[in-house]
Structures are given as structure tokens and as C-alpha cells.
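Hi,

Here is the structure I promised to pass on. Have a look at it first, then read my notes below.

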Amino acid sequence: MAARRPEVDAVLIGVGLVGTLLGRELTRAGLKVVGLERGEARDTVPDFQGPQVHDELRYAVRKALMSDNAKETLTFRHTSRGTALPVRRWESFLPGSGLGGSIVHWNGQTFRFQEDDFRQRSRLIERYGSKFIPADVTIQDWGVTAAELEPHFDRFEYLLGTSGKAGNLQGKKIPGGNIFEDPRSREYPTPPQKEPYGSAIFRKAADNLGYHTYPQPSCNLSQPYTNPEGLSLKTCTFCGFCERFGCEHFAKSTPLTVLLPVLLKDPNFELRTGCNVLRINLDGARKTATGVTYAGPNGEEVEQPASLVIVGMYAQNNARMLLLSGIGAPYDPATGKGVVGRNYAYQTMSYPQVFFDESININPFMRSGANGTMISDFAGDNFDHGPLGFIGGAYIGEIMTNGRPIGFHPTPPGTPRWGSAWKKAVARHYNHTSTINVHGSSVATRHNYLDLDPTYKDAWGLPLLRMTFDFPENDLRMSAYCTEKAVEIGRSMGGRLVTGAPRKRPYDMTEYQTTHNTGGTIMGTDPSTSVVNRYLQSWDVSNVFVIGASNFPQNGSYNPTDTVGALAYWSADAIVRKYLKSPGPLVPR
Amino acid sequence: MAATAVVVPGCERPPPQAANPRPPYLFFNAEDAAFVEAAVARLIPADDAGPGALEAEVPAYIDRQLAGAWGAGGRMYRSGPWLAGTPEQGYQLPFTPAELFKNSLRAIAADVGKSNRGKLSKLEPQEQDAYLRSLENEPRDLGGVPSDVFFQLLLDMTVEGFFADPVYGGNKDMVGWKLVGFPGAYANYYEFVDQHGIRFTRPPMSLGQDAGGTVHLHPVSSPPAAAKGR
């Protein structure tokens, strides 16, 4: 028999990026909010202090900040004919755990998705005709426009203090910024970070080829900044320990640095850590959530009644929570019917490398998680796909996050895997190699999806999520095209040797690619093809809002975090201004 | 009180640290250690580029990892059923890293004994390389462990121990970092990042060294007005 806690106005499942933003907006609106975080409580002081936080083995290799696979993981297979097996240790992507969530260990690469992402299906049909979209590709419009999200992007970036240079201010194109971007209402809150050597070489080469270079927008800050919540960030020191690490310098924007210190002082907010939500409880008609049941720190079941439930976890976990709770019809790939778990997508990456002469000291260890120089000439629909026969694209940039040598010791093809020749090649190339990042989009297809695993369970006895995924043919063609463009730039960077292979099938769960998983609880305008409406409200249970990269109907060319933050503010705005005044569906079914 | 030295015949102990200055092993027995020492010395050999994995005390690193929580399968999903998957589905054997090493090392001891002169450490370097390559490229069963799986873990751990912070027992004197020019746990290159192409020549720094006692406080500049709720 579960213990029952007094009812609150809202309960947050997960206190990461989404939970923190929603917690702040809802307490500010006067609601009593309980935040349930399965992981540990933690903060910059004393948990991320130097020099101990600069430990590649503990954080990057053994993945100290990631969720514990022993307690919860997912299973994986390439097609629905195969047998899914558990991911026994994270390699390909890295879901976090603990207060502040996955964004505590992010790199800080901060991009807005664009109008051609939000209206991808419509825009492609307008430009190329409906036959251009492959039959098995299930991309959709999001039900929200870039113009509607702009104020929320703006607000989120000013919360974070993002460093960058605008390329389109209120419709005026600005060389040196990303001229392909949609209009932004004002300049970034802080200027771009300093440009490292490899990026400067890339800039020159890409400019000479006629592309439009710009500094990567970064949440590793270029200068001190005080955000609208009264919290201050400091200047990034380029220590090279960003992705997979906490930042001891207060230079990386995360919930721990930009908002949680304020939220945690709010008397309307109560944080409970070590609390793993097992399910969302529904009333008899299954139309209204009555709250959640969670396993507390020592395993005891607790019922937390609430009038409003915010599902704000890592993408796959959002989908799993709805499946475990029986909210929304599960997707069936055989019929194409059902919605929860539909349109899972990933990101299609490749990493060309430029090997320089020994006179060129790249100093790969002098980097932040997000400082590079890049182009968007091949991102989204910024180029003519008509003759190319694929949809989507990639940004291309000299973006190196670190020189930590367990993970980074590039050698040219043909180098033995061990022995004296390997060792000498590592010594020869370590400080003289640049990596180019080809960060590609991922279409949704009928065959890639999430559901519950029939066999494997988590530490609480609940089914693991099962992921069925392989790279779509469309995305392999995209990767081949964009990788070749990146290799051409690499050649004109003056390297002695440029290598670069496009992404190939089969998808490999054992190789780190990116943590940008999307889909499973996608947003849209049609309840037969989306889980939540344009305000991220469940079509089936109107007092449940599901927010995260799980809302993306497909993945774009850019990193997802900025768009997740904008969606969270967009949804919070709808809850506070519309839903609380008249609880019920914000969009008729 | 004054001690009188009494020596019992047959119980003389060698003076500490005299014969072998390396730290004692926690996990490996003498035979395991002899194999691992010989193997890592071939995977990353000492040569004219500098010390190798043996000199970096990589065996001590591997030994401590296997003796600890990671070796016991910490933070690893360990529920069955155990099915062989595709390579892209990742590791699916029921062994913890410690079990995997023990099984493999026992099988290797028998294996080398059968076909060679007893021990890997007794072979010529070229024969050692050939034996390691056979584990890597001609997979055979090592007590339930495919030899290529064991070889890959041994190689991965050798690279880790060569490049991880010295506090973990390998990378002695930071020889791995000195080889490539990685400065270790330093925290600030703000003044250097836009001095393009400079050579960073300061010796590397370990987590075990004093960081200078830097203290950070949470920089709240003003009490947030809206924090009390409205």
C-alpha cells in the first residue's frame, strides 16, 4: 500500500532542464509544485570542483554523471524482426541523471531550429512537390511556427546568456552571423567566444570556397553575465572538460547555474531527489491524471496526488512513462496506427579529420564544449535539394570540444592498432589534427520507433523501453553529400591528409555518436499522428503535459537543447495564460 | 624498550621495496601479472619515442580497476537472459570485467603452456606479438570468453592506463601525457586559446597535485525579487 502525500497543484517528473523551467513558471504563477528527481541532489559547489572534476577516466570514460545502467537502460535492435538486447553500458548516447538532468553534462552548443524544421513537410511539398518525400518517411509539421517560438527562444537564450553573433536581426541579414537563420528579435546576450586555431583555419578555407562562416553559438560564456533571474555566470576558461563533465567555473549554462538556486528557495517549490516515478495515475475514465506513484529513496512506494503532471525527462524516458502509464495508443509499426513511440529519430553524424604538418600546433586541449567556426550552407533546406534526391542536411564546422587523450588520439588510416608504430603515430598527430563536425538531420520513418520490451526489466521490475532503429536510406544519402562538402573544406584547410567517411548502416550502439535522441511523444495538429497538441498537452489526458526532445516529429540539422528550452517556455506560457484559467483541452480533439 | 632482532631460520623476509619497486597487485596473482606485464609491454612498447605501458605501470592501473567496483560490474546492466547479439548491440556476455579477465587469463596460461615455452613473458618479442595477434584476429574460446573480446578489453584498458590521470595507478610520471603533449588537469587556457599555434610547454598537472586552493562561491549578484512567488 503506497503512502499518500498531500495533494499539490503540479508535480514534475524529472528536475532537469524542462522540470526546472516549468517549476519556475508554475511556482511564479502561485502553484504549489513538487519536483521528483530520480537522481542525486548536486551543485557546482561542492560537487564539481577542480581539479578533481578534470578527470577523463571518471567522467568521460566511466560516465559518472550518466544514469546508472544497472538500474535502468533500454534495449535495442535494428529492425522489428530482430531481438532487442539491453544496452549494458552507455556508449552511443549518454542520458544523464541527477538534479539539473542531462544538460549538466552538455557541451553548450545552442542553436534554434528553423522554420523549415517546424514546417518541414509543408515546406518540402511547397518547394519540391509531394512526390519528393520518400514513401516510408513520416516527417510532419510541428504545429508551431518559428515566429511563434521566437520570443521563447529569445527568453531562453537570455536565461542562459548564450554567446554568439546574430545573422538575421529582425529580417536584416548580418554577415559574420548565420545569415540563413530566421529573424531574431535582438542580438545574443553575450558576444561569441574566442576563436581557436583550428577554427580560424576552417574559417579561412570555408570563406575562400564562398561559404558563410559564423561562430558557433555557445553556452560556455565569452564574458561575465547576469541573467534575468539574478544569477551570474563567469567567463569560460577553455579547460577542455565540458561535455560529460560539470563546470566548476560557473561558465556553462545549466539549470544548476542559471535557475535552480532561485527555484530551490521558492517556498512554493519542494524538491525530492532519489524519487523514481513508476507511473502516472489516472481516474476511472482514464481522461484525467490524479497524480503519480513513485519509489522513494529507499524503495517505498509513495503516491503524490496532483492536479497537473509535467513529464519532463530525457526523450526516450518521456515515451516510456506514457507507455507505462497507458496514456495514448502505443504505435504499431505493422499498421502504422497508434502514436506513442512513433517517429523516433536520432542524428546522422560524421567526423572528417584534417592531419596537419607538425609545425601546426592545434592545441586541442584549449577548447570549450561549444566553440568552433561553422557554416549552415548545407543545413536544413538552405540549399537546393531538387537535383540531389534527399531531404535534410547538416551543419559543418571545425568544432573540437577537447584533447583528452583516452578518447582523443587520432591516427591516419592504415596505422596499426597497437605497438610502436601506433604509439609513434599517436605522438605525431595528437597536437596536429583538426576534427570537422558534420552534424546531420534525421528523418522519421515508419520503421524506427519505441515501445516496451517484452523481456527485460528495470530495477523496479518495470519493462525497459525498446528502441528499434537503423539509419534511413535518405539520411545516408544526406550524409554522403554533406561529408564530401566537409572533406573539400578540409582539403583547402592545408592539411597533409584529410579523411572522412559518411555515416553508414548499420547503426552501432557501441560507438559514441551524439546524445540527441528525439521523438516518441511527438507534437502536432492531428491526434491520430501526434501524442501532444501544439502546446505539448496530451491529447488523451489533458492535465498531462509532455515536454522535451521527445516532442520533435523528426530531428533537424542542429543540436536540440535551445529548441527544447523554447518549447518548455512556450508550453509553460500556454499553461499559465490559458490552461490554469480554464483547465481542459487547449485544442479540441 | 630495545628490540632484539630474532631471526627464525627460513623466515627471513626481503627488505621492503628492494627487489621490485612496483606497487603490490590487488587482483592479479603472480601468473596473471606476468602475462599482463608482458602483454602491455608489447601493446605500448618502450621505444625511442619514450617509456611504454609497462614503465607507465599500466598493469597496476588494470589491476586496481579489476579489483574495484568497475571490475565487479558496477553501473552495468546485468540481468539476463544472456543472448549473443550483433556486434552493434554491444557487450552481451554474463561476465563482469573481473570474471572476464580471470577466465581469459586461466585459459591463456594453459594455452601458452601447450604450444609454447610456458609463458608469454618467456617468448621473444616477435613471438609475443604473434600470440597477441592470434588472440585479436583468430578468435578462440578462453573459458567462455571469445579471445578477441578479451584482447579488445585488454587493449582498451592499456590505453586508459597509459593516458588516465596518474592517481589511478598508471601513467606514471605522466609519461603518456608527455608523449603527446597533453597538459592534464589544468583549468585555464583563456589567455592562450587565441594565441594561435603556440607551443604549450608547461609540464602536465595531475589531480594529485595541489590546485592552489581555489574556492568558488555561488555568484548570486542580487536576491531574486520574484523568488517568493506571486
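What covers the buried residues of α11(A)? Before I get to that, some housekeeping. This is a predicted model, in which local features need pLDDT of at least 70 and side-chain atom pairs count only at pLDDT 80 or more, while totals for chains, interfaces and linings use all residues. Residues are numbered from 1 along each chain as its sequence is written, chains are lettered from A and ligands numbered from 1 in the order in which they are written, and side-chain values use heavy atoms, with hydrogens and water left out.

**Where the chains meet**

Back to the question: the cover over the buried residues of α11(A) includes β16 (353-355) and β19 (433-440) of chain A, together with α5 (147-163) and α6 (175-180) of chain B. Helices (H or I, at least four residues) and strands (E, at least two) are DSSP runs, numbered from the N terminus. Helix α11 spans residues 420-429 of chain A, and its buried residues are A:Trp422, A:Lys423, A:Ala425, A:Val426, A:Arg428 and A:His429. Buried means under 20% relative accessible area, exposed over 50%, and partly exposed in between (1.4 Å probe, protein chains only).

B:Glu136 also reaches across to chain A. This residue sits in helix α4 (residues 125-137) of chain B and counts as buried because its relative accessible area is 14%. Residues up to four places away in sequence aside, B:Glu136 touches A:Arg417, A:Trp418, B:Asp148 and B:Phe151, where contact means heavy atoms within 4.5 Å. The side chains of B:Glu136 and A:Arg417 are joined by a polar contact of 2.3 Å. (A polar contact is a pair of N or O atoms within 3.5 Å; within protein, one must be able to donate a hydrogen and the other to accept it, and residues adjacent in sequence count only if both atoms are side-chain atoms.) B:Gln152 is 16 residues from B:Glu136 in sequence and 7.3 Å away in space, C-alpha to C-alpha.

As for chain B overall, there are six helices and two strands, in the order α-α-α-α-β-β-α-α from the N terminus on. Of its 230 residues, 44% are buried. Taking contacts in chain B between residues at least 6 apart in sequence, 60% join residues at least 24 apart.

A:Asp451 is in strand β20 (residues 449-457) and counts as buried because its relative accessibility is 14%. Leaving out neighbours within four places in sequence, A:Asp451 is in contact with A:Leu323, A:Leu464, A:Leu465 and A:Arg466.

A:Asp458 lies in the loop between β20 and β21 (463-468), and it is buried because its relative accessibility is 7%. With neighbours within four places set aside, its contacts are A:Lys71, A:Glu72, A:Arg320 and A:Leu464. A:Thr73 is 385 residues from A:Asp458 along the chain, yet their C-alpha atoms are separated by 7.2 Å.

Most residues other than glycine have a negative phi, and most peptide bonds are trans. So which ones would I check?

- A:Phe250 has a phi near 55 degrees; it is in the loop between β10 (232-233) and α8 (255-258) of chain A, and is buried at 0% relative accessibility.
- A:Leu536 has a positive phi of about 70 degrees; it is in the loop between β22 and β23 of chain A, and is also buried, at 0%.
- A:Arg505 and A:Pro506 are joined by a cis peptide bond, with omega about -10 degrees; A:Pro506 is in the loop between β22 (497-499) and β23 (544-546).
- B:Gly80 to B:Pro81 is a cis peptide bond too, with omega near 0 degrees; B:Pro81 lies in the loop between α2 (58-67) and α3 (97-115) of chain B.

**What the record says**

From an unreviewed UniProt entry, "domain: Glucose-methanol-choline oxidoreductase N-terminal" covers residues 234-344 of chain A. That span is 17% helix and 27% strand, with its end C-alpha atoms 37 Å apart. UniProt positions are given in the numbering used here, feature names are shortened, and annotations may be inferred rather than shown by experiment.

Cheers
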